[in-house]
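Reader: I am new to this structure and would appreciate a guided introduction. May we proceed by question and answer?

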Amino acid sequence: MARKKISLIGGGQIGGVLAQLIAQKELGDVVLFDIVEDMPQGKTLDIVEGSRVDQTDIKLSGTNSYADIAGSDLVIVTAGLPRKPGMSRDDLLTTNANIMKSVAENVKEYAPNSIVIIISNPLDAMVTLFQKVSGFPHNRVLGQAGVLDSSRFSTFIAWELGVSVKDVNAMVLGGHGDTMVPLIRYANVNGVPVMELLEQKHGDNAKEVMDAMVNRTKLAGGEVVKLLKTGSAFYSPATSAIAMAEAILKEDNRLMPTCAYCKGEYGLDGYYLGVPAVLGANGVERIIELKLNEEETAALEVSTNAVKSLIEAMSNLGF
Ligand code: TXD
C-alpha cells in the first residue's frame, strides 16, 4: 500500500504535536506548512531526529510553500490565532476567517483530492468557510471539536467515579462553544449508566454532581487558557484530531462526534454541527441520528442557534 501523505497547515502548538503523533504512529509522511519562515523546517527536523529512539521511519518536512502539499491524502488545518485569557472562541472570527480563506484557496489548488480536518476556531464557522471557499464535497470537509469535548467530559466522569477513563463512554454534541451539549443519558462506564453510578454514590445529589461536570466540560477550554496564559489547549486537541485522522486513513468506520454537514439531520438543513458520524475512507461516511428527548432537543436547538448566528455574523463580514 502506498504511504499516505498528510499535510498540516499551521505549525504552531497543535501543528507540532500533530506532526509528532503522526510520526510516532507512522500514519504517513508529513508536510508541515506555516507562513513563519524556518519554524516548520526546524520543528520537523527536531521530530525526525528523535525517530531512531522512537523506532519510527517516515518522511517529515517543513515548508513555507503550498506547492509542497501536492498529492496529500489528508490535510489538517490549525492555522489561525488561539484565544487569550478572557476571549471567547467567537472573538477570533475576523482574523481567522481571513486566514482560513487563504488556506482553503491553496488547499483547493494544490491538494484538490484531499480529505480535510479543520481544528482552527471558531470551529463551526471555520469548517463552513473552508468548505464554501474550496467547494469540496461536504463529506471531505469536517471539524474536530466533539472528540475533545467528549474526552474532557469522560475525564471528569472517571475522576468523580474513581474508574479508569478507558471505560468511560460519553458524547458531547452541538457547536464547539459554551452551548455544547454533553449527553448525560448516553454516558456510561462499560455499559453501566453514569447516572446510576452517581446515584449509588451521591443519592439525591447525583444530578447536582453531574451538572457540575457538564458545566466544567463546557468551560474546559477556557480553564486551560486561563492556566496557560499564552495560548490554548494543544496536546488534547492534537490527540483528538489524530484519532479522527486514523479512522479515515485506516478506513475504520469509527463512530465519533464530528463537526459534519447536516442535510436535514437533527432538524438542521445546510449547516455544519457537532453530531455523531461514522468516519472512514470517504471522510464522513454517514451521520447517526439519535432519538433525543425533549430536554436534549431543546439544548441542541440552543447550540444550533448559536452556530447559525455565528455563520450569519461571518457572512455579514463578507465571508
Ligand atoms: O478543539 C479544537 N478545535 C481546538 C481549536 C482546541 C484548541 C485550540 N483550537 C484552535 O486551534 C485555536 O483557537 C487556534 O485557532 C487553532 C490553533 O491553535 P494553536 O495553539 O496551534 O495556535 P498557534 O500555536 O498560534 O499556531 C497557529 C499557527 C502559527 O504557527 C501561525 O504562524 C500559523 O498558525 N498561521 C498560518 N499558517 C498558515 N497560513 C496562514 N495564513 C497562517 N496564519 C497564521
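**Strand pairing**

Author: In this predicted model, strand 12 (residues 254-263) and strand 13 form an antiparallel pair over ten bridges.

Reader: Which residue of strand 13 does cysteine 259 stand opposite?

Author: The pairing of strand 12 with strand 13 is antiparallel. Within that pairing, the residue of strand 13 that faces cysteine 259 is glycine 274.

Reader: In the hairpin of strand 12 and strand 13, which residue takes a positive phi?

Author: Five residues lie between the two strands of this hairpin. A positive phi, near 105 degrees, is found there at glycine 264.

Reader: How many bridges join strand 13 to strand 14?

Author: A hairpin connects strand 13 to strand 14 through two residues, and the two strands run antiparallel. In this pairing, valine 278 stands opposite arginine 286 of strand 14. Strand 14 covers residues 283-287, and the bridges that join strand 13 to strand 14 number four.

Reader: How many of the twelve residues of strand 13 are buried?

Author: Strand 13 spans residues 269-280 and is mostly covered. A residue counts as buried when its relative accessible area is under 20%. Of the twelve residues in strand 13, the number buried is nine.

Reader: Which residue in strand 11 does valine 189 stand opposite?

Author: Strand 10 (residues 188-189) pairs with strand 11 in the antiparallel sense over two bridges. The residue of strand 11 opposite valine 189 is valine 192.

Terms used. Residues are numbered from 1 along each chain as its sequence is written. This is a predicted model: local features need pLDDT of at least 70, side-chain atom pairs count only at pLDDT 80 or more; totals for chains, interfaces and linings use all residues. Side-chain values use heavy atoms; hydrogens and water are left out. Buried means under 20% relative accessible area, exposed over 50%, partly exposed in between (1.4 Å probe, protein chains only). Two strands pair if DSSP finds at least two bridges between them.
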